[in-house]
Amino acid sequence: MGKSGTRSLASGRDAVGLAEVFSLHTYRSRSGQADERSYFFDTLAEYQWARDAAGLMPASIDQLVKPVIELCEHYDVVPWQFTPTALDRYFAGPGKRARATVLAKINKIDAYFAFLEQRYAGEIHRLYGAVVESPVDPFNRPGHRGDFGLRVRPSPRAMREFFAVWRTVLPQSRKEAVACRDYVMACRRRRPTWSTAQP
């Protein structure tokens with residue numbers, strides 16, 4: 001990207017060292033059909049910028065793209081050429097690690113594909129004839145992909161029922177730590193009711 005992504009403001013400007021930054025989208029459309037690998041690295045950079053804008057720490061941002069690069073290097077392809085079978089074969093074979101590690105990597109790959117689908121699916125299809133679709137499908141997906149829009153708070157009735165169950169099972173608790181937690185939460189939940197009943 002380097003020189004192609006910026007142009008100095010030489011004429012008619014007093015500020016020294018400033019640069020006019022063109023978006024990568026504009027740069028790509030002007031330079032024609034760049035090779036897929038360069039395009040892929042551009043999308044990785046933009047994904048990291050987006051996560052930076054969302055407030056993630058630099059160390060976390062760096063870790064987001066490593067599983068994608070790992071998979072691409074293993075198969076020597078760009079991400080939109082992945083299939084669910086290739087993902088399964090990798091993490092069941094050479095990429096097999098501890099369960100938590102594999103789940104974390106698959107979730108990061110899926111998050112990157114959510115970004116690609118949202119922002120660049122049309123452009124990738126137009127340039128390379130590929131349909132962008134996450135290789136993480138309902139059969140190998142470890143959990144949700146974090147795209148819940150609105151979190152609905154439980155109703156007061158649901159909360160009363162929830163804490164009532166904790167109170168009823170308190171005598172059957174097998175572990176002291178669990179019993180203490182349930183006792184504290186059940187008492188905290190009931191306290192406002194008792195205080196409002198007093199004159």
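This is a predicted model: local features need pLDDT of at least 70, side-chain atom pairs count only at pLDDT 80 or more; totals for chains, interfaces and linings use all residues.
Two rings of Phe, Tyr or Trp (for Trp, its six-membered ring) count as a pair when their centres lie within 6.5 Å; planes under 30 degrees apart are called stacked, over 60 edge-to-face, and the rest tilted. Residues are numbered from 1 along each chain as its sequence is written, and side-chain values use heavy atoms, with hydrogens and water left out.

A search of the whole structure turns up 14 aromatic pairs. One of them joins Y39 and W80, whose ring centres are 5.8 Å apart with planes at 85 degrees, so this pair is edge-to-face. Y39 sits in helix 3 (residues 36-53) and W80 in the loop between helix 4 (58-75) and helix 5 (84-92), so the pair ties together parts 41 residues apart in sequence. Y39 counts as buried at 1% relative accessibility, and W80 is buried too, with a relative accessible area of 5%. Y112 and F113 form another edge-to-face pair, at 5.9 Å centre to centre and 80 degrees between the planes. Both Y112 and F113 are buried. Here buried means under 20% relative accessible area, exposed over 50%, and partly exposed in between (1.4 Å probe, protein chains only).

## The chain as a whole

The protein chain holds nine helices and two strands, in the order α-β-β-α-α-α-α-α-α-α-α along the sequence. These elements are DSSP runs numbered from the N terminus: helices are H or I of at least four residues, and strands are E of at least two.

Of the 199 residues in the protein chain, 27% count as buried. The accessible surface comes to about 13,800 Å², with 55% of it belonging to carbon and sulfur atoms; such areas come from the Shrake-Rupley method with a 1.4 Å probe, and for residues only the protein chains shown count as cover. Among contacts (heavy atoms within 4.5 Å) with a separation of 6 or more, 53% are between residues 24 or more positions apart.

## The nonpolar core

In soluble globular proteins, nonpolar side chains tend to be buried together. A nonpolar core is taken as a set of buried Ala, Val, Leu, Ile, Met, Phe, Trp, Tyr and Cys residues joined through side-chain atoms within 4.5 Å. The largest one here has 30 residues, and those with the most contacts inside it are F40, W80, I109, Y112, L116 and I124. Helix 3, helix 4, helix 5, helix 6 (99-119) and helix 7 each supply at least two residues of this core, and helix 6 gives the largest share, seven residues.

Beyond its neighbours within four places in sequence, Y112 is in contact with F40, T43, L44, Y47, V68 and P79.

Helix 3 has 18 residues and reaches 26 Å from its first C-alpha to its last, close to the 26 Å expected at 1.5 Å a residue; the expected span is 1.5 Å times one less than the number of residues. Its buried residues are Y39, F40, D42, T43, L44, A45, E46, Y47 and A50. Just after helix 3, G55 takes a positive phi of about 100 degrees.

Helix 4 also deserves a look: its 18 residues reach 27 Å from first C-alpha to last, close to the expected 26 Å. A kink of about 25 degrees lies at K66, shortly before the proline P67; the bend at a residue is the angle between axes fitted to the seven residues ending there and the seven starting there. In helix 4, I61, L64, V65, P67, V68, L71 and C72 are buried, and what covers the buried residues includes helix 3, helix 5 and helix 6.

## Two loop residues

D76 lies in the loop between helix 4 and helix 5. Its phi is near 55 degrees, a positive value in a residue other than glycine, and D76 counts as exposed at 56% relative accessibility.

P135 belongs to the loop between helix 7 (121-128) and helix 8 (156-169), and counts as buried at 1% relative accessibility. Setting aside neighbours within four places in sequence, P135 is in contact with F82, T83, P84, L87, I109, F113 and N140. P135 and A86 are 49 residues apart in sequence and 8.0 Å apart in space, C-alpha to C-alpha.
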